[in-house]
Each structure stands twice: as C-alpha cells, then as structure tokens.
Amino acid sequence: MKILDGFGKQCPMPLVMAKKELDAGVTELAIQVDNETAVKNLTRLGKKKNMATSVDKIEGGWLITFGEGDGAEAEAPAAIPEAGSACSTTGGCGYSVFVGKDFVGDGDLELGHNLMKMALYTLSEAGDPPTSLLFMNAGVKLVAPGEEQVIEAVKKLEEQGTEVLVCGTCLNFFGIADELSVGEVSNMYDILERMRESAKTITL
C-alpha cells in the first residue's frame, strides 16, 4: 500500500495528491492529514470513485485509506448536471454561480449586501436553477447563521437540484466552520471542477 504524507498541507493539496494516485490506477492508498476539512474532502473523493474508504485516528491527525470495494452510497457524478440548462457536447452542462463575496458590485456595502440577498432569492424563484452554487472567500458568510433570507433561498435551490459547495478553507479562516447552515463543505479543486464542467459560470 502506498502512503502519502498530507500533514501541514492546506486544502486542496491532500485531495489533489490522492486523486493523482487514484487516477493513475493505484488501488490501495492511504494518506495522513491533520485537518477535518481534508478528511471530509478525501472521504467524498473515495465515495465518488466508488472505493471503500476508512478513516482512522492517528497521532497528530487522521489516516484515510482507500481500497477496492463498493462505494454504493457515493454520489454519482452523472447526477450533478440535473439542475439548470441541458448539456452541450462541447460546452459542458448547465450553469454554475460563483459567490466570492457577500455583496454585489462596488459602492455602498449595505446596498451591495441587500443586492446579493435579492440575487440569490431571485435565483431560487426563477424556475431555472443553477447546476452548482459555489461559495468562496467572504461569500461563505452568507450561508452561516444570521443570513436567514439567504439560507432559505439556498435551501430552496437545493430542493430544485442545485449542488451547493462551500469552501472549507474559507469557513475556517472566518471561524465559522461549525456554523454552516446549508450546503456541503468543499475545496478549491471541486469548486473549480464544477466551473469547468459548466456550460457557463456567473459570478456575483
């Protein structure tokens, strides 16, 4: 079994390290990491690749082990493009919305914050939900307690099939990792992958 050392490496480096080995055909792999965000991301990777995945506590962190097996509980990649526009053979599937801050435009911040809330509410009511809704940097504050209007709109989008990914590194930076109210803790790799897979990306 090949063992990788992910100690001290920021998201999404442990994920990229493991994915590179698995994509190359390695069927028995372990990686040691020292943060819970990496544990979640790597566990999700194992499920996505339909591999048996185990997590063991070790000194200084965790050991995630991948092996051949049935990851039946995994999310099927084909399910991702259900929301939004139809797939194009050359341009990807649907559209994604990237939220990299907690306000829209430049000028008055209070106005910009209200515009962001209105934009997400409008998305939830428009009848054409995005395939992916991606939160990064200060945008992650919008899916933490205190932003109930936004949380309600995002939950409604989830019900319509939108996949909601929230940057785990950003949640940790702002000290709200335990306060995520909607969406799934994710990483740079997966967020960029959703943009790449989309026919277009709208940035708010």
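Visitor: What does the accessible surface of the protein come to?
Guide: This is a predicted model, and the surface is computed from it. Carbon and sulfur atoms hold 52% of that surface. The total comes to about 10300 Å².

Visitor: What share of the residues counts as buried?
Guide: A residue counts as buried under 20% relative accessible area. The protein has 204 residues. Of these, the buried share is 44%.

Visitor: How many helices and strands does the secondary structure hold?
Guide: Both kinds of element are present in the protein. The count is six helices and ten strands.

Visitor: Among contacts between residues at least 6 apart in sequence, what share joins residues at least 24 apart?
Guide: Contact here means heavy atoms within 4.5 Å. Take the contacts between residues at least 6 apart in sequence. The share that joins residues at least 24 apart is 72%.

Visitor: Which residues of helix 1 are buried?
Guide: Helix 1 runs over residues 13-23. Its buried residues have cover that includes strand 1, strand 2, helix 2, strand 4 and helix 6. The buried residues are P14, L15, M17, A18, K19, E21 and L22.

Visitor: Is K19 buried or exposed?
Guide: K19 sits in helix 1. Its relative accessibility is 19%. The cut-off for buried is under 20%, so K19 counts as buried.

Visitor: Which residues does K19 touch, leaving out those up to four places away in sequence?
Guide: Start with a distance. K19 and L42 are 23 residues apart in sequence, and their C-alpha atoms are 8.8 Å apart. The residues that K19 touches, beyond four places away in sequence, are L45, K49 and Y189.

Visitor: Which residue with a positive phi follows helix 1?
Guide: Helix 1 covers residues 13-23. The phi in question is near 105 degrees. The residue is G25.

Visitor: Where does N50 lie?
Guide: N50 has a positive phi, near 60 degrees, and is not a glycine. Its relative accessible area is 40%, so N50 is partly exposed. Its place is the loop between helix 2 and strand 3.

Visitor: What is the relative accessible area of N137?
Guide: N137 also has a positive phi, near 50 degrees, without being a glycine. It lies in the loop between strand 7 and helix 4. N137 is partly exposed, with a relative accessible area of 45%.

Visitor: Why is the disulfide of C167 and C170 given a handedness, and which one?
Guide: Look at the torsion about the S-S bond. For C167 and C170 it is about 80 degrees, so the disulfide is right-handed.

Visitor: Which residues make the nonpolar surface patch of about 260 Å²?
Guide: One member is L115, which lies in helix 3, residues 109-125. Patch residues need over 30% relative accessible area. L115 has 32%, so L115 is partly exposed and passes that cut-off. The patch is made by L111, L115 and M118.

Methods
Residues are numbered from 1 along each chain as its sequence is written. This is a predicted model: local features need pLDDT of at least 70, side-chain atom pairs count only at pLDDT 80 or more; totals for chains, interfaces and linings use all residues. Side-chain values use heavy atoms; hydrogens and water are left out. Patches are made of residues with over 30% relative accessible area and no salt bridge: like charges are joined within 9 Å, nonpolar side chains (Val, Leu, Ile, Met, Phe, Trp, Tyr) within 5 Å. Accessible areas come from the Shrake-Rupley method with a 1.4 Å probe; for residues, only the protein chains shown count as cover. A salt bridge is a side-chain nitrogen of Lys or Arg within 4 Å of a carboxyl oxygen of Asp or Glu. Helices (H or I, at least four residues) and strands (E, at least two) are DSSP runs, numbered from the N terminus. Buried means under 20% relative accessible area, exposed over 50%, partly exposed in between (1.4 Å probe, protein chains only). A disulfide is a pair of cysteine sulfur atoms within 2.5 Å.
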